[in-house]
Amino acid sequence: MSDPMNALAPEHRRLRIGDAWRDAAGGATFAVEDPATGQTIAEVADADVADGLAALDAASSAMTEWAATPPRTRSDLLTATYRALTERSEEVARLITLEMGKPLAEARAEVKYGAEFFRWFAEEAVRVEGRYNTAPGGGYRILTVPKPVGPCVFVTPWNFPLAMGARKIAPALAAGCTTITKPAAQTPLTMLLLARIMEEAGVPPGVVNVVTTKRSGAVVSALLADRRTRKLSFTGSTEVGRVLLRQAADNVLRTSMELGGNAALIVCADADLDVAVDGAMVAKMRNIGESCIAANRIYVEEPVREEFTARFAKRMGALSVGHGLDDGVDVGALIDEASVTKIDELVADAVDRGARVLVGGERPDGPGHFYPPTVLVDVPEDALMLEEEIFGPVAPIISFTSDDEVIAKANDTEHGLVGYVFTRDLQRALRFTEGLETGMIGVNRGLISDPSAPFGGVKQSGIGKEGSHEGILEYLDVTYAAIDLP
């Protein structure tokens with residue numbers, strides 16, 4: 001088995017600022033561990049505020065030239081990045097698994113998904129358009145000119161260390177913006193490798209900067225307080241998102257926020273149960289359940305509750321748990337010990353309140369941060385796992401008897417990222433689509449993410465959209481010129 005760390009040379013485990021790979025100003029480093037073993041796999045630079053501002057210096061210095069770069073040139077560089085990621089997909093996937101824990105098959109899927117953002121926005125780069133028209137009252141013309149917003153700060157999560165960065169960097173570069181990415185401290189290696197790949201693809205110095213740090217609060221706060229920063233995009237918890245929004249308000253920054261979720265998955269009595277079980281497995285277990293769009297609450301209509309539950313629990317119980325790089329593993333390690341502890345506490349709370357465990361429910365002995373696929377039934381409405389984002393391989397099943405009842409329960413949350421509905425009745429599907437307070441809905445499918453679709457939530461699950469044509473608009477300001485022409 002090849003060593004995934006061979007994909008990233010030691011000199012590229014440092015900060016990427018401007019045209020250089022450099023140590024942190026104070027020389028500090030921090031350890032990155034394999035969550036399946038708890039062992040350190042690398043040391044990376046631990047940036048401080050001075051390093052963050054140096055990255056902003058580089059992004060600001062490169063901004064004018066990059067904004068003036070012809071769209072076709074920007075498009076070609078994004079296409080080159082897509083091709084490089086595709087050609088090197090195996091080594092990138094193995095690195096993702098090593099530092100994040102997901103099974104290799106899932107990591108390969110993430111590389112493919114992340115690469116598609118570069119291909120999609122390579123195509124969007126050459127389609128940014130303004131307009132020219134006569135004012136309705138006559139006498140002058142209206143000209144609108146889209147312009148890049150300016151240097152962007154990205155704060156990315158650990159659960160999709162390549163894809164979440166790609167989803168931000170690709171549209172920003174397509175629009176003509178320069179970037180500074182602060183990846184999660186648990187998974188910095190993948191973002192550093194992406195920066196190296198983009199450097200080799202020909203992206204100019206200063207356009208893509210990466211600052212790794214365990215002092216995220218201080219570094220990001222300093223970047224947001226600097227007037228040269230003009231855009232913030234964050235993917236992570238609602239709690240942290242609220243803090244960043246308050247900080248971004250001081251300089252009235254453009255913001256995109258993809259925050260927490262509490263997704264309801266609804267299985268109607270008229271659903272095709274084969275489709276529903278398959279869809280629920282994907283919606284719950286993709287990325288080990290460590291996803292903001294994971295099914296957090298599974299509502300099943302009473303007439304099919306028993307059959308669906310038996311079939312779903314059998315599928316969950318058949319999944320194999322182990323190191324993500326091992327053959328045949330379906331469920332890898334969770335990201336850290338805190339995640340395992342939280343999930344264990346949520347399961348214990350539900351059981352204490354009357355829930356029954358059908359599958360799993362007990363953390364294994366031994367090294368690594370593992371938790372087995374778990375299914376609970378008779379979960380009471382006051383169980384904490386129905387209110388908090390589980391972020392792991394645990395599925396609570398709750399019965400319902402009417403559409404109005406389940407829509408009300410599904411909407412009874414501050415979150416509104418995604419919902420899932422399984423029914424063969426088109427009118428019923430449309431009623432759920434209109435009734436659920438979410439930014440996205442999967443109808444008879446458990447996978448909704450696609451670079452060509454607008455990803456984002458409502459309520460306290462976020463602001464703005466990523467992907468699709470809407471994704472590039474988040475990185476463009478519009479200048480309007482009134483031109484006198486009688």
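**Notebook: a helix pair and a pocket**

I started with two helices and found that α3 and α4 cross in a right-handed way (the near helix is turned clockwise from the far one by less than a right angle). The contact draws on Ser89, Glu90, Val92, Ala93, Arg94, Ile96 and Thr97 from α3, and on Leu104, Ala107, Arg108, Glu110 and Val111 from α4, contact being heavy atoms within 4.5 Å. I sorted these residues into six nonpolar, two polar and four charged (Ala, Val, Leu, Ile, Met, Phe, Trp, Tyr, Cys and Pro are nonpolar, Asp, Glu, Lys and Arg charged, the others, Gly among them, polar).

A note on the source: this is a predicted model, with local features needing pLDDT of at least 70 and side-chain atom pairs 80 or more, while totals for chains, interfaces and linings use all residues. Numbering runs from 1 along each chain, and side-chain values use heavy atoms, without hydrogens and water.

Next I looked up the geometry: α3 (residues 89–100) and α4 (residues 104–125) pack at about 125°, axes 8 Å apart.

Then I turned to the largest pocket, which holds about 1100 Å³ of space (an open set on a 1 Å grid, for a 1.4 Å probe, with protein on both sides within 12 Å along at least five of seven lines; lining residues have an atom within 4 Å of a point). Of its 45 lining residues, Trp158, Gln186, Gly236, Ser237 and Val240 are the closest to the centre. I noted that α8 gives the largest share of the lining, five residues.

Methods:
Axes are lines fitted to C-alpha atoms, for helices over the stretch in contact, and angles run from 0 to 180 degrees between N-to-C directions. Helices (H or I, at least four residues) and strands (E, at least two) are DSSP runs, numbered from the N terminus. Grid points are joined across faces, edges and corners, and a volume is the space filled by probe spheres set on the points.
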